[in-house]
Amino acid sequence: MRVYIPTTLAALAEAHKAGSMGPAPLDAFAVTPALREWYVSDDIEELEYAALTRAAQASLRHLALHPDVPRRRVVVAVDVADTAVRHDPDRGLDPGTLGQVRLAGEIPLGEAAAVHVDAADAERDVRAAAEALGAADAGDDDAQFTVDGAEDHELLWYATQEIPNLIG
């Protein structure tokens, strides 16, 4: 199963240094039954893109909690055994948890399939979105518009061999 782990450039640098993403448990996103039902598609590429988008939204939340790190969303894609992934089917179609899964163990960074990162030109919009996130959660429509603006930027795909260049 492909999972998408939301993170930041600073946390990616730590994972690169340690050789793994952790500590466990790790929150991630994947194509879950609830995500399939919500997205109403059988196209696996569309569903995986939806899971990646959910992970990018979670990465934005990490950025909001850590204002001192570079303002670029980061998602690490990893293929793991189905048995390594847990999801809560009782949460159903709760919009806040669609596609959310938990990984029981640390993930060796060498097992990552790819890294998805905002381009440098997205930093201004991502910064504004991270700063507006709290107000958007409280129902401020203008703040939500700012948060949605970060999603106008597509995450770029990087091979895992490019991680040193991303964090350096």
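User: How many of the 6 residues of strand β1 are buried?

Analyst: Keep in mind that this is a predicted model. Strand β1 covers residues 2-7, and it is largely enclosed by the rest of the structure. That's because the count of buried residues in β1 is 5 of the 6.

User: Okay, so which strand is joined to β1 by 6 bridges?

Analyst: Strands of a sheet pair through backbone hydrogen bonds, either parallel or antiparallel. Here β1 and its partner run antiparallel. One of the facing pairs puts T7 opposite V74. The partner, spanning residues 74-79, is β4.

User: And which residue of β3 stands opposite Y4?

Analyst: β1 also pairs with β3 (residues 26-30), in the antiparallel sense over 2 bridges. Y4 has a bridge partner in β4 too, namely A77. In β3, the residue opposite Y4 is F29.

User: Zooming out, which strands are at the edges of the open sheet?

Analyst: The sheet has 7 strands, with antiparallel pairing, in the order β5-β6-β3-β1-β4-β8-β9. An edge strand pairs on one side only. Those strands, at residues 85-86 and 156-158, are β5 and β9.

User: Let's switch to the surface: which residues gather in the patch of negative charge?

Analyst: One member, E46, lies in helix α3, which spans residues 44-65. The whole patch on the surface is made up of D42, D43, E45 and E46.

User: What is the relative accessible area of E46, then?

Analyst: Buried means under 20% and exposed means over 50%, with partly exposed in between. E46 falls in that middle class, so it counts as partly exposed. Its relative accessible area is 36%.

Technical notes:
Residues numbered from 1 in each chain as written. Predicted model: local features only at pLDDT ≥ 70, side-chain atom pairs only at ≥ 80, totals over all residues. Heavy atoms only, no water. Buried < 20%, exposed > 50% of the residue type's maximum accessible area, 1.4 Å probe, protein only. Helix = DSSP H or I, 4+ residues; strand = E, 2+ residues; numbered from the N terminus. Pairing = 2+ DSSP bridges. Patch = residues over 30% accessible without salt bridge, like charges linked within 9 Å, V, L, I, M, F, W, Y side chains within 5 Å. Areas by Shrake-Rupley, 256 points an atom, 1.4 Å probe, with all protein chains shown as cover. Salt bridge = Lys/Arg side-chain N within 4 Å of Asp/Glu carboxyl O. Lys, Arg positive; Asp, Glu negative; His and termini not counted. Charge placed at Lys NZ, Arg CZ, Asp CG, Glu CD.
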